[in-house]
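User: Hi, I'm new to reading protein models. Can you walk me through this one?

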Amino acid sequence: AALKGGLRFQVSAALKEGRVAPTELCQRCLSLIKSTEFLNAYITVAEETALKQAEESEKRYRRGQPLGVLDGIPIAVKDNFNTAGIETTCASNMLKGYISPYNATVVQKLLDQGAVLLGKTNLDEFAMGSGSTDGVFGPVRNPWSYSRQYKEKSVPKSHSEDKDSNWVITGGSSGGSAAAVSSFTCFAALGSDTGGSTRNPAAHCGVVGLKPTYGLLSRHGLIPLVNSMDVPGILTRCVDDAAVVLSSLAGHDPKDSTTIQDNFKPFELSDLTDVSKLSIGIPKEYHAPGLSSEILALWSKAADLFKNAGAKVIEVSLPHTRYSIVCYHVLCTAEVASNMARFDGLEYGHRSDMNKSTESMYAATRREGFNDVVRGRILSGNYFLLKQNYENYFIKAQKVRRLIANDFVKVFGSGVDILLTPTTLSDAVPYMEFIKEDNRTRSAQDDILTQAANMAGLPAINVPTALSERGLPVGLQFIGRSFQEKQLLTVAKWFEKQVKFPMIQLEEGKRHDHGVFQHQKSASFL
């Protein structure tokens with residue numbers, strides 16, 4: 001029953017009252033990880049470490065001295081956050097076997113509060129992608145592919161079609177973390193969000209995905225993709241849980257100069273009873289090419305929900321949105337080229353046996369260590385940074401980025417509290433369809449509704465909203481004012497309560513003889 005509960009009011013309470021022990025909870029999650037292995041959500045499962053941490057937590061509960069709400073709670077971490085003593089690979093040959101000597105700040109904060117680290121989750125190589133299909137450990141499968149809801153509505157095109165070939169992607173690049181939370185193998189997971197990499201898989205996997213304001217959470221120990229946009233993301237099964245994890249992680253870090261200097265006050269979400277004072281903005285530019293009629297109808301329905309409850313709902317304009325994906329591509333690849341320069345085979349990670357010269361060793365190491373996607377982005381970024389191109393591409397993109405950020409400032413300055421948009425253009429597509437297009441094309445399509453929030457540094461959250469006609473999750477995105485996470489999450493919680501997103505009825509994948517086990521969707525650890 002604890003697996004069905006929310007963090008603060010169910011699971012943490014059950015642990016305090018002794019109705020469930022941390023070791024029991026941990027073992028149950030480890031057992032679920034094994035039975036859902038086919039999802040490929042985890043790269044490394046730290047069973048021994050997790051059980052030791054659960055035993056320590058149990059001792060604290062026996063003494064009546066738990067460290068807080070997260071004590072004894074099983075969590076997972078995307079495999080681009082450094083973890084001392086546990087391999088950190090970024091799903092790349094370049095870092096296979098690499099064990100960091102230190103923990104990322106956000107990981108350390110979770111451990112300091114007694115959370116139990118189950119393992120490291122799968123992703124696109126170095127977090128470059130929007131499907132979690134391009135990592136060296138293989139693609140992640142969306143748990144909803146094995147749900148009754150999807151199975152009942154997906155009809156094989158032919159009798160000869162393999163039952164198992166119809167599985168859908170998780171989205172990316174934090175697909176492993178989203179799948180882990182969605183399949184009930186953990187209560188919360190860390191992802192990273194550079195252009196939507198937490199919100200996109202959250203939408204496809206039917207979970208909550210929060211991208212906090214840039215600078216609210218420390219990036220120390222998160223292997224960088226784009227320093228000026230990367231943010232640790234939080235994936236949970238309900239909004240309340242996201243607030244709990246956020247309160248545990250936020251605040252200044254002396255090891256990350258981009259974090260806020262002010263003290264962060266942890267908060268609990270209250271129930272919003274009156275939305276009449278709220279002003280909800282609907283950005284017209286988010287009616288983007290390729291947006292499915294189903295999501296458009298859901299977006300409109302959500303706006304009506306706020307309007308009928310008394311909120312002011314107005315159409316707003318963010319005129320530079322149409323340039324944002326191109327601008328994002330230039331800035332992203334330029335920073336990638338710079339960040340990937342550290343992987344040269346000298347200090348850590350893969351090193352080629354090529355020994356003709358230092359230069360040939362560098363070249364061979366990077367050719368063997370990086371996949372085509374990473375190498376392609378490095379080449380693009382270096383092209384944009386060439387002396388003759390720097391002004392025309394990089395500097396121009398920085399200027400456009402400022403215009404995009406100013407659009408948000410103007411809209412929020414006009415009295416709008418929260419923006420409501422779609423998170424993705426459609427529900428999750430089957431893997432075989434997804435790989436027909438290259439990573440660059442897919443990322444441009446899939447990031448279109450999410451990356452502007454990263455360029456402006458604003459907080460944004462995906463809230464699971466409904467099931468599509470195919471029985472797959474669809475989410476909507478709320479974008480808030482800078483550092484106004486409490487307001488954003490309060491509104492998201494109100495919306496979550498209204499839409500009553502259904503529980504997943506999850507078959508145990510390929511082992512159809514094991515039948516079906518059901519879990520309550522709104523699992524919170526509070």
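Predicted model: local features only at pLDDT ≥ 70, side-chain atom pairs only at ≥ 80, totals over all residues.

User: Okay, how many residues of α8 are buried?

Analyst: For α8, 11 of the 11 residues are buried, so the helix is largely enclosed by the rest of the structure. Among them are D240, D241, S247 and S248. By the way, helices (H or I, at least four residues) and strands (E, at least two) are DSSP runs, numbered from the N terminus.

User: What covers the buried residues of α8?

Analyst: The cover includes the helices α1 (7-16), α4 (105-112) and α17, plus the strands β4 (188-193), β5 (208-211) and β6 (231-236).

User: And what about A250, where does that lie?

Analyst: A250 is in the loop between α8 (239-249) and β7 (279-283). A250 is buried too, with a relative accessible area of 10%. Leaving out residues up to four places away in sequence, A250 touches K109, L216, L217 and F264; contact here means heavy atoms within 4.5 Å. The C-alpha atoms of A250 and I260 are separated by 9.1 Å, and these two residues are 10 apart along the chain.

User: Which residue with a positive phi follows α8?

Analyst: That's G251, with a phi near 125°.

User: New topic: how do α10 and α12 cross?

Analyst: The axes of α10 (residues 321-339) and α12 (residues 372-384) cross at roughly 105° and come within 7 Å. The two helices are therefore roughly perpendicular to each other. Axes are lines fitted to C-alpha atoms, for helices over the stretch in contact, and angles run from 0 to 180 degrees between N-to-C directions. Under 35 degrees counts as roughly parallel, over 145 as roughly antiparallel, 65 to 115 as roughly perpendicular, and the rest as oblique.

User: Which residues make that contact?

Analyst: On the α10 side they include H329, V330 and C332, and on the α12 side they include R377, I378 and F384. The contact divides into 7 nonpolar, 5 polar and 1 charged. Ala, Val, Leu, Ile, Met, Phe, Trp, Tyr, Cys and Pro count as nonpolar, Asp, Glu, Lys and Arg as charged, and the others, Gly among them, as polar.

User: Which residues of α12 are buried?

Analyst: In α12 they are V373, V374, R377, I378, G381 and F384. They cover an arc of only 135° around the axis, which puts them on the same side of α12; the arc is that of the directions from the helix axis to the C-beta atoms. On the other side of α12, D372 and L379 are exposed.

User: What about α9 and α17, how do they cross?

Analyst: The axes of α9 (residues 293-308) and α17 (residues 485-499) come within 12 Å and cross at roughly 105°. That makes α9 roughly perpendicular to α17. A302, L305 and F306 of α9 meet V491, W494, F495, Q498 and V499 of α17. That contact has 7 nonpolar residues, 1 polar and no charged.

User: Last one: is R442 buried or exposed?

Analyst: R442, found in helix α15, counts as buried at 11% relative accessibility. Not counting residues up to four places away in sequence, R442 touches S130, V429, E433, F434 and E437.

Conventions
Residues numbered from 1 in each chain as written. Heavy atoms only, no water. Buried < 20%, exposed > 50% of the residue type's maximum accessible area, 1.4 Å probe, protein only.
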